[in-house]
Amino acid sequence: MKRIGSILSLALIALAVSCLKPESERVPETLQITAATQTASTFNGEIRVKVVCDLHWKAELKDSSWASIKVLSINEKKGGEFVITLKDNLGEEDRNNTVTVKAGKGTVSQDFVQSGLLSFFKPRSIELEGTREGSVVFTSPYSWTAVLPENPDWVKLTSDHGDAGYSRMACRASDENVGVGSRETVARLTIGDHTIDVPVVQGQKDVILSEDSEVEIGYEAQELSVRTQFNVDYSVDVSAGWIKCIQTKAPLNEGVAIISVEENSSEDSRSAEITFKGGSAAPLKLKVEQEGKDRVLNHTAQGAYGIEGVDYILGEEGWNQRSLLLSPDGSYRLRLFNPADLTVVELVGIRFDCPLGEEQQMQLRLRRKEFVPVLAELPFKLLRQEGELYWFAEKSSGVGFIVKK
């Protein structure tokens with residue numbers, strides 16, 4: 001009996017000694033961190049992190065040169081919360097960091113990323129085609145302005161300022177670039193305390209061919225003016241009847257071919273190959289890929305076309321109500337309503353200032369009484385504009401809209 005008592009006494013003493021261990025030598029029973037996000041924005045980046053832990057804890061950063069930690073709360077033996085504040089990232093690339101929380105002999109880490117300018121601007125540079133307007137879009141944390149510091153005479157800004165939020169900077173060349181090679185300048189944005197240059201590049205008017213080069217064109221009938229670098233006369237072979245070479249001229253070291261392309265009235269795309277051959281020079285080939293004509297372009301009435309194989313046309317079969325609402329971010333929401341069966345077609349995120357052929361993300365919904373399925377988030381393209389009518393279409397789904405602004 002005395003022996004059992006001695007054993008119990010020793011166990012209690014050992015337990016007491018264990019409890020008296022400093023926290024630096026103990027392993028926490030619970031140590032978890034949860035970050036609100038793992039990707040922070042380019043400007044005003046911030047990440048909140050919650051800690052669950054039964055010991056005292058501290059947080060450290062792998063790289064503290066562009067990030068810092070501020071403890072928001074500490075809940076004794078339960079955890080707490082802190083925030084990682086990031087300096088604005090004016091580098092082109094995203095940058096990586098790691099936060100580590102230590103408690104006693106336990107550690108837990110979380111990697112995170114801050115976006116750079118390549119992610120901030122979409123795209124990073126403005127590529128001008130002829131005299132068509134080009135643009136970059138971004139989400140600005142502040143109001144912004146833009147200038148052309150080099151004062152080029154061949155390009156002008158068409159959108160040079162904006163408020164915080166969704167933003168679009170745009171410019172347009174005053175004439176075609178008929179020289180050899182591209183011409184370049186920069187648009188300089190002032191965002192808050194920062195100035196950032198966005199390259200502006202206008203390619204030359206004519207296509208310069210190289211071996212196995214490729215060009216994609218719309219469905220419309222058109223002419224392609226192709227310049228080549230040849231030092232001999234050349235001939236042109238075309239693999240399809242819907243493309244014709246209507247003019248060739250080949251002075252020394254320069255060749256020009258005017259290629260006529262018929263309209264593609266089919267919904268299917270088609271391709272052909274143009275081969276330039278001369279003397280003993282290696283043949284140069286141009287592959288022409290012409291997209292099909294979207295079926296919505298065959299219509300002129302406002303409505304939604306091709307939603308699960310069904311067309312909803314304003315003024316037909318009970319579809320007699322329409323609304324177009326301006327959202328705070330500058331986009332529009334279109335609703336077509338059939339009161340007879342309480343059905344609504346809705347397209348959200350329309351931007352009428354989007355350049356022709358440029359994709360913009362929109363949300364398509366079809367409401368039937370209380371049932372409101374979200375059909376899809378789809379990248380619609382503006383295919384045509386005539387007066388107040390706009391034709392939008394999404395290629396993969398076959399859905400199209402004709403909207404009157």
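Author: Two strands pair if DSSP finds at least two bridges between them; strands are DSSP runs of E with at least two residues, helices runs of H or I with at least four, both numbered from the N terminus. The structure is a predicted model, in which local features need pLDDT of at least 70 and side-chain atom pairs count only at pLDDT 80 or more, whereas totals for chains, interfaces and linings use all residues. Residues are numbered from 1 along each chain as its sequence is written, and side-chain values use heavy atoms, with hydrogens and water left out.

Reader: What makes β9 and β16 a pair of strands?

Author: Three bridges join strand β9 (residues 126-128) to strand β16 (residues 194-202), and the criterion asks for at least two, so the strands pair. They run parallel, and L128 has Q202 in β16 as its bridge partner.

Reader: Why is β9 called an edge strand?

Author: The five strands form an open sheet with mixed pairing, in the order β9-β16-β15-β11-β13. Within that sheet β9 and β13 (161-162) are the edge strands, since each pairs on one side only.

Reader: What classes do C53 and C245 fall into, and why?

Author: C53, with 2% relative accessibility, counts as buried, whereas C245 has a relative accessible area of 30% and is therefore partly exposed. A search of the whole structure finds zero disulfides, a disulfide being a pair of cysteine sulfur atoms within 2.5 Å.

Reader: What makes the rings of F138 and W144 an aromatic pair, and of which kind?

Author: Rings of Phe, Tyr and Trp (its six-membered ring) pair if their centres lie within 6.5 Å, and planes under 30 degrees apart count as stacked, over 60 as edge-to-face and the rest as tilted. The structure holds 13 aromatic pairs. The centres of F138 and W144 are 5.3 Å apart and their planes lie at 65°, so this pair is edge-to-face. Both F138 and W144 are buried, and they belong to one aromatic cluster together with F43, F120 and F121.

Reader: How do you know that the charged end of R270 sits over the ring of W242?

Author: The criterion asks for NZ of Lys or CZ of Arg within 6 Å of the ring centre and within 35 degrees of the ring normal. The charged end of R270 sits over the W242 ring at 4.0 Å from its centre, and that of R384 sits over the ring of W391, 5.1 Å from its centre.

Conventions
Buried < 20%, exposed > 50% of the residue type's maximum accessible area, 1.4 Å probe, protein only.
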